[in-house]
Amino acid sequence: MNVLRLPRQDVILFAVFAIVVLTMPIWLTPFGAAYPGLMQKFAIFAIFAVGFNILFGLTGYLSFGHAAFLGVGSYTAVWSFKLFTMDAIPALIFAVLMSGVFALGIGFVSLRRSGIYFAILTLAFAQMSYNLAYSVLTPITNGETALQLTNNDPRVIDMMFMERTAGLPSPSIFGQPLGGIGGFYLCAVLLLVAFFIAQKVFASPFGMMLRAIKSNQTRMSYTGFNTRPYALTAFVISGMYAGLAGGLLAVTDPLAGAERMEWTASGEVVLMTILGGVGTLVGPVIGAWLIKYLENIFSAFNEGMLHATFSWLPDGVEDIVVAVTSKFVGEGWHLTLGLVFVLIVVFLPGGIMEGVRRIRSAVANRRDNRRTRFSTSAAE
Amino acid sequence: MQYSNNTVLHVADVHKRFAGLHALADIDLEVEEGKTHAIIGPNGAGKSTLLNVIVGRLAPSSGAVVFDGQVLTGKKPHEINQMGVARVFQTPEIFPDLSVLQNVMTPAFAKRDGAFRIRMLNPLANEAALREEAEEALADVGMIERRHLHAASLSRGDKRRLELAMCLIQKPRLLLLDEPTAGMSRHDTNTTIELLKKIKSRGMTKVIIEHDMHVVFSLADKISVLAGGRIIAEGAPDAVRGDPRVQEAYLGGAH
């Protein structure tokens, strides 16, 4: 079937990726990260970054407003819980469709410009959504309190099959509750689907058109292509990925707040993609995992823990070291993130994937050198 | 307006004024099917302006450009290409981030699938027919052994040959060449001329803007001489070469 067909090296990549994702609970244990809440985030933000990369990595259009679609996805999913059913599947479908509609509208306007003007337009739309969610749209978004489930929600479909219970319901799939590890596996499977679709885009003629748009838009139009609908399609696809990620955030924790749409959230996915490697398939996933992992570690540190870590230092020195390092942890962990980001962009502009490539070619070179040395000594 | 039967491109009474400058005045040009029509003239004569008016990059202040009975004025570049007009730029416009082969496959997709069509189900690797077509086009310009290179790594002359292959694979009815040998070494210029001579016999109509007299006189069937935004002479190469007005305005008696 053509729908499932991929070149061989992509099939291998997918198989390895699937094993890595599905065995997360095992290999993350030594890192102390194998608990469901964090692994769910790993999968969700990987989806977000993979989708963002379809736009930024392939077409080169840098959107600074993708968190808007994340927020739209979350709100839509929570509304689906409130109005229809606690089942995750309709919630996710609505989330993807609704964010696709938003992406179509925002993309249609923003793609009339390129470069920095495009970035500013998307940023403006996202901030507009954020502010609207806090002000005039409070009947829909519940403003600062965030949109939550209540006992009085209609849930029309659920009510046809069951009685209202005393406690708040929680999201489920086919009647199975989605707590903890179950929630992770839902996110993981959807990450695999999302990754597979990204592979299809990368390997297809459509993907080549998007790369060509990034490479030379003038040549593209003089070659007979109407470039705007291509870019718009990429924009909508990546918006739908963001909506799926937002929907999953609501599925794993049925609550949606406007802070999810703030510009810092849009900036985070840009960082993830650049950190991992723009335009590569695996890079954005690695970037997302690294940032969420570092956030988890560094934001949990506090001064007491720092004192314990540096207790082997002489007293005066310990206080100074703790005073300095404490600025980089807890609330200040963004300072660490900023430093890591600066180092990566300066020394590895292609992100972690470029580092991997450099190491690989260095190893290959050394092996070749050794082989030629052997062959010359054998000739002597 | 009287059209001769085989006119494929007609630039009719075109004027182009920029603030205070009459860049093109009363340009009337008929390009015949299958012929190579050269437009020459000193720097600032309006050659590039004229070409940009033809491809729709600039709108004329008055007048119209008619290709194959259809008015080009006001159409977008991709629409003009889809009608069968391909363009070679003064500085080669290629896709530097793609491989040489992909550079040539891309216009083949535009020719086959039109201005917009999403093909996502079948991987690029399965497009065997288009790949073969692209390989033929590359062999045609003598670049088949470079097909897996990154286009950015090519020399200027090779980029020009690649750009020509990208235009030729679309089998355009009209090929516009904007100083195809500008900034090239003598060697690259000669290989480009050889290539253009080779494709001359294929019956494709060409409009060529050129500085290099060697190129013009070895290729053109008809020459229009532009000076100060006006056509001052027009005719077969030998007639134009001997025209005293042209010598004065452009050749400076050197030939």
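This is a predicted model: local features need pLDDT of at least 70, side-chain atom pairs count only at pLDDT 80 or more; totals for chains, interfaces and linings use all residues.
1. Strand 1 of chain B, residues 7-18, pairs with strand 4 of chain B, residues 62-67, in the antiparallel sense, and the pairing runs over 5 bridges. Within this part of chain B, Leu9(B) is placed opposite Phe67(B), a residue of strand 4.

2. That pair belongs to an open sheet of chain B in which 4 strands follow the order 2-1-4-5, with antiparallel pairing. The edges are taken by strand 2 (21-32) and strand 5 (70-71) of chain B, and because each has a single partner strand, one side of each is left without a neighbour in the sheet.

3. Chain B also has an open sheet built from 6 strands in the order 6-7-8-3-9-10, and here the pairing is mixed. Strand 6 (85-88) and strand 10 (230-235) of chain B are the edge strands; each has a single partner strand, so that one side of each lacks a neighbour in the sheet. From one strand to the next, the twist averages 15°.

4. The loop that joins helix 5 (156-168) to strand 7 (174-178) of chain B contains Ile169(B). Is this residue buried or exposed? Ile169(B) is buried, because 24 other C-beta atoms lie within 10 Å, where the criterion for a buried residue is 20 or more. Once neighbours within four places in sequence are set aside, the contacts of Ile169(B) are Val104(B), Pro107(B), Ala108(B), Glu133(B), Ala134(B) and Ala137(B). Gln82(B), which is 87 residues away from Ile169(B) along the chain, has its C-alpha atom 13 Å from that of Ile169(B).

5. Turning to the two chains together, 28 residues of chain A are in contact with 29 residues of chain B. On the side of chain A that touches chain B, the elements giving two or more residues are helix 9 (180-203), helix 10 (205-215), helix 11 (217-222) and helix 12 (227-252) of chain A. Of these, helix 10 of chain A gives the most, with 7 residues. Sorted by class, this side of chain A has 13 nonpolar, 10 polar and 5 charged residues.

Terms used
Residues are numbered from 1 along each chain as its sequence is written. Chains are lettered from A and ligands numbered from 1 in the order in which they are written. A residue is buried if 20 or more other C-beta atoms lie within 10 Å of its own, exposed if 12 or fewer, and partly exposed in between; C-beta atoms are placed from the backbone. Two residues are in contact if their C-beta atoms, placed from the backbone, lie within 7 Å. Two strands pair if DSSP finds at least two bridges between them. Axes are lines fitted to C-alpha atoms, for helices over the stretch in contact, and angles run from 0 to 180 degrees between N-to-C directions. Ala, Val, Leu, Ile, Met, Phe, Trp, Tyr, Cys and Pro count as nonpolar, Asp, Glu, Lys and Arg as charged, and the others, Gly among them, as polar.
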